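Subject: Handing over a structure

Dear colleague,

I am passing on the structure below, and after it you will find what I found when going through it. Please read it with the model open beside you.

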Amino acid sequence: MLKLDGANESLFSKIANADSEERAEVLNNLAQLVKDAGLSYALMALFRQQVNCGLVLADPLKLGRENQKSFFDPETNVTFSLNWNPYRLIRLNHAELVKRGVIHENVDQRKLINRDKRGKACYLCKANIDLQNPKEILWWIDLAGESFYIGANIAFIMNNHFTIMNERHISQEYDKVVIESLNDFVDKVDGCFRVISNGLAGASIKEHLHLQAVSNEFPIERICVKDGDLVYQKDGVVVYVPEYYLTVWIIEGRLKEEVNSVAHMMIQKWFELNMKYHTINIIAVKDVENRKFRTFIIPRDIRKLYGAGKRGTMAAFEAGGYIVLSGNRKQGINDGIDERGTFNNADLGLVKQMLRDISPSKEACEDLVRWVEGFG
C-alpha cells in the first residue's frame, strides 16, 4: 500500500520535475521513495518525470473525454472502453522522434546490438536504450529471479504505462518465467499496478521478452463470474471460465506459487493442442482487498489477431476490454479500414464483434476446459 506523508510528496514532486540529465539524482531519489513509500508510488513519480521531460509522447491525463467511449454490457457486467489515441502512431515516425529528442539523431551504429532480420537494433535492450534514448530513465527490478528494467512506454495506452524488459535478449515466446514474473510484479507493487504479457498475439517486438504494466483497472476485472463457471478447484486455487466474447480463464488463489503452477499447466496444455498456432495473452492482478491473486489467461490463435474496424493487432489490452484505435499504420493503405470512422461510429455490437473475431476455435477451448476439469 502507498505510504504518503509530506516528505514523500515532496520527493515525488522533485522526481517528477527533474530533467533527464539529472539521471543519477533521479535514480537516487527513486531508491529513497521505493524505500519510504513503496515501488508503486516511485513508479508513478518516474512516469510523471518521463511525461514532463517529453519522452512520453503526450500526457495521458490530458487526452480528453472526447477521445473515449464506454459501452456497458449487461450480459457480462463489463464496461468496455474504446479509445482514440493518435499519439501511438508517432512511435513509427523516426524524424518526429528525433525532432522531439526522444531518440538521438546520430548514433554510432557499430555499438548497437541484437539486430533483427531487417537490420534494426533491438529497442528493448538496455545497451541500445542507453545509446539511442537520451531522455529515458530505467529502473532495475528482480522478478522471479530474473533481472528486468522498467521504462515508461513512450506510446502509452493507459496512464502510468510501463514496459518491463528482461535484461537478457530472449524471445517473447512463453516460458514459465513469464507467469512467475507477472505475479511477482503485482505482488511487489501490492496490487497498485496490473501487468500483462502479449505472448505472440500482439507483441510488436517478438525477439525480446517484455511485459507491460499500467495503474488502471482492466474492464474485464468486473466480469460476472457465476458458480456454474467453476471448472477447477484444488489446493486453494480455483479456475473459472465465465461467459465472454472470447474464451478467458480466471485463475484465483491466495498463494502466487499455486496460481503460477495451475496457470502454467493450463498454458502448456493449450500450446500442446496446437504447437504451430496457439499463443496466449495474460493479465495479472493482485486483489488486495480479498487477499488473492487473479490471473486472466486469454487463449489466442496467431491466425486470428485482427478485429473488425481495426488495422492493428488486438492484444491483451483489447482482449481485456480496453480497445485502442490510432489511425493508419502506413501511408497509402487502401483496405477499407478507417480507424477514426470506427471510433466515431462504434457501438457495443461492434465491440462484441471485434472480440469474437479474435476468438480461437470453440472446440479447442472446450477441449482444454474438459482436460482441466479432470484435474479438479
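Helix H10 (residues 348-357) lies across S1, S2 and S13, and runs at about 80° to S1; here helices (H or I, at least four residues) and strands (E, at least two) are DSSP runs, numbered from the N terminus, while axes are lines fitted to C-alpha atoms, for helices over the stretch in contact, with angles from 0 to 180 degrees between N-to-C directions. Please keep in mind that this is a predicted model, in which local features need pLDDT of at least 70 and side-chain atom pairs count only at pLDDT 80 or more, whereas totals for chains, interfaces and linings use all residues. Residues are numbered from 1 along each chain as its sequence is written, and side-chain values use heavy atoms, with hydrogens and water left out.

The three strands form an open sheet in the order S1-S2-S13, with mixed pairing, where two strands pair if DSSP finds at least two bridges between them. Strand S1 (68-73) and S13 are at the edges with a single partner strand each, so one side of each is left without a neighbour in the sheet. From one strand to the next, the twist averages 15°.

S1 and S2 run antiparallel and are joined by 6 bridges, and in this pairing Lys 69 stands opposite Leu 82 in S2. Strand S2 (residues 78-84) and S13, by contrast, run parallel and are joined by 4 bridges, with Leu 325 of S13 as the bridge partner of Trp 84. Within strand S13 (residues 322-325), Tyr 322 and Val 324 point one way and Ile 323 and Leu 325 the other way, and all are buried, that is, under 20% relative accessible area, against over 50% for exposed and partly exposed in between (1.4 Å probe, protein chains only).

Elsewhere, helix H2 (residues 23-37) packs with helix H3 (residues 39-52) at an angle of about 145°, their axes being 7 Å apart. The contact (heavy atoms within 4.5 Å) involves residues of H2 including Leu 30 and Leu 33, and residues of H3 including Tyr 41 and Leu 46.

Gln 132, which lies in helix H5 (residues 126-132), counts as buried because its relative accessibility is 15%. Leaving aside residues up to four places away in sequence, Gln 132 touches Val 102, Ile 103, His 104, Val 107, Leu 112 and Tyr 123.

For the whole, the protein chain has 11 helices and 13 strands, and 56% of its 376 residues count as buried.
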